[in-house]
Amino acid sequence: MTDSIHAERRAFRAGRVRLAFLTSAGSKALGLIVQFLAFPLAVRSLGPERFGIYIMLVSALVWIDLGRLGIGPGLTRELAIAWNRGERERERVLFSNAMFLLLGIAAFITVLLVAAFAVGMPYIDTLFGASGARFHSEIVTSIVIVGTFLVAQVVFSIGEAARSAYQDDFINNLMSSLENLASLLMIFWVALFWPTVPGFALAVFGSMVLGKGVNVVLLLVRSRRYLFPRWRYVSRAELRPLVASSLAFWVVQIAVLMMHNLSILQLGHLIGAGGLTPFAIVFRLLQLLSTGVLMISMPLWPAITDAVVRGDRDWIVKAYRRLIGSAMAFCTLVAIGLTLFGPALIPLWAGSHVRPGPALNAVLGVYFVIWMWNHCHATVLFGLGRLWAVAWITFCEGALVLVLGSVLVPRYGVVGTGLALCIAGLAVTAWTLPLIVRRALARPLHLAPSDLPPAGPVGALAGEAA
């Protein structure tokens, strides 16, 4: 019986991961096309200084996303466990808890933003250095636009989280394609008729919220109507495990923002908005290329949670080895290509005035390998339930990046931020997360197969998801 259950769920997991990979490949390919067209278009239309302001502004306001308190991935984990146990009533309770909690958080963030905007208005120009006074009106309008859409995203992100729990990432990928198409059309329109910082903020964030909003509606109206949130489903007892899982992801999110957003804001403040453009362009290129790893890793961790619930250690070990092997091969090729050809090719892509030197390309190429190595191990640990271990380690890495950046940027400029990222990633995370993975796989998994429903409901669940 157990072997039959394992075989059934292995086939289901493998099928869903393959489907997610294929749709993600199409979505990410479209996304890459959009970004490869959009970024040089933005740089040419806005100019280096305006583009630097846009990057600094987004890096500052993206912290609004922390308001979700990690509820998205926390909901993914708890829903995945409830679904694999056949606990539909708990699924309803978890989703309603998450939805009403996020609505309350969004309202609270809105009040805080309005208050902070009113109090901080005299200091906005100072934050953006010498460029602040010249582009004051554009900065103020952009803050309103980006802040509004990020608050909306706090609520709409619940749809993607639920899809991932049910291993329906292929639908998330289709919605992402919708976002990319809308973004491409809006960016071309903005570049032609409204080449300003607010225009590009509207094009990028407006399309993003559109796709996520459509995803939520389709989830509740067509896919899983029983999840429709109702106040009577809200349960304080079920809120506790949801928040416990979510807070760990929240700490990870803070750490990533420290590494990849606050470090850029720190760089722009120290050397000026125009000076950070070469770093921002190369780093954005690596973010685009990271989708080659993310389209495998993101649907994998809910599948690993599925395997943990069912005690299927062999499948987890094989999935882990394949992920690390394929990711490192890909990242090594990217790092070599960026080091050898980046200085010549990036100006052709982003514009002749964007010239990242060989040192910056080499340092960020090395960081790309470190970053994806750490990401892959964190993904496996999420699936294994070692959330807080990842949270505190990545938080320490993020804090160290900022400390090192404050020392290295004044001496080495944009390369200093790249060095800070590499040193912190190697010193803190690159060896600790693999060690925890090995130890976790050497111990008994959290839940044994005997905790599962009988074979009949397992098959029914697989059929329902299909």
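Tutor: Start with axes: they are lines fitted to C-alpha atoms, for helices over the stretch in contact, and angles run from 0 to 180 degrees between N-to-C directions. Helices (H or I, at least four residues) and strands (E, at least two) are DSSP runs, numbered from the N terminus. This is a predicted model, in which local features need pLDDT of at least 70, side-chain atom pairs count only at pLDDT 80 or more, and totals for chains, interfaces and linings use all residues. Residues are numbered from 1 along each chain as its sequence is written, and side-chain values use heavy atoms, with hydrogens and water left out.

Student: How many helices and strands does the chain have?
Tutor: The count is 17 helices and zero strands.

Student: At what angle do the axes of helix α2 and helix α6 cross?
Tutor: The axes of α2 (residues 71-85) and α6 (residues 136-165) cross at roughly 35° and come within 8 Å. The crossing is right-handed. A crossing is called right-handed if the near helix is turned clockwise from the far one by less than a right angle, and left-handed if anticlockwise.

Student: Which residues of α2 and α6 meet?
Tutor: On the α2 side they include Leu 75, Leu 79 and Trp 83, and on the α6 side Ile 158 and Ala 161 are among them. Contact means heavy atoms within 4.5 Å.

Student: What makes Glu 89 and Arg 92 a salt bridge?
Tutor: A salt bridge is a side-chain nitrogen of Lys or Arg within 4 Å of a carboxyl oxygen of Asp or Glu. The closest N and O atoms of Glu 89 and Arg 92 are 2.8 Å apart, so the pair qualifies. Both residues sit in helix α3 (residues 88-120), three residues apart, which means about one helical turn between them.

Student: Why is Arg 92 called buried, and Glu 89 partly exposed?
Tutor: Buried means under 20% relative accessible area, exposed over 50%, and partly exposed in between (1.4 Å probe, protein chains only). Arg 92 has 19%, so Arg 92 is buried. Glu 89 has 43%, so Glu 89 is partly exposed.

Student: Which residues are linked in a network of salt bridges?
Tutor: The network links Glu 160, Glu 179 and Lys 212. Lys 212 and Glu 160 meet at 3.5 Å, N to O. That pair links distant parts of the chain, 52 residues apart, with Lys 212 in helix α8 and Glu 160 in helix α6. Glu 179 and Lys 212 also form a salt bridge, with the closest N and O atoms 3.7 Å apart. Glu 179 lies in helix α7, so this pair ties together parts 33 residues apart in sequence.

Student: Are Lys 212 and Glu 179 buried or exposed?
Tutor: Lys 212 has a relative accessible area of 9%, so Lys 212 is buried. Glu 179, at 11%, counts as buried.

Student: What makes the nonpolar surface patch?
Tutor: Trp 189, Leu 192, Phe 193, Trp 194 and Leu 202 make a patch of about 560 Å². Patches are made of residues with over 30% relative accessible area and no salt bridge: like charges are joined within 9 Å, nonpolar side chains (Val, Leu, Ile, Met, Phe, Trp, Tyr) within 5 Å. Accessible areas come from the Shrake-Rupley method with a 1.4 Å probe; for residues, only the protein chains shown count as cover. Helix α7 (residues 169-193) gives the largest share, three residues.
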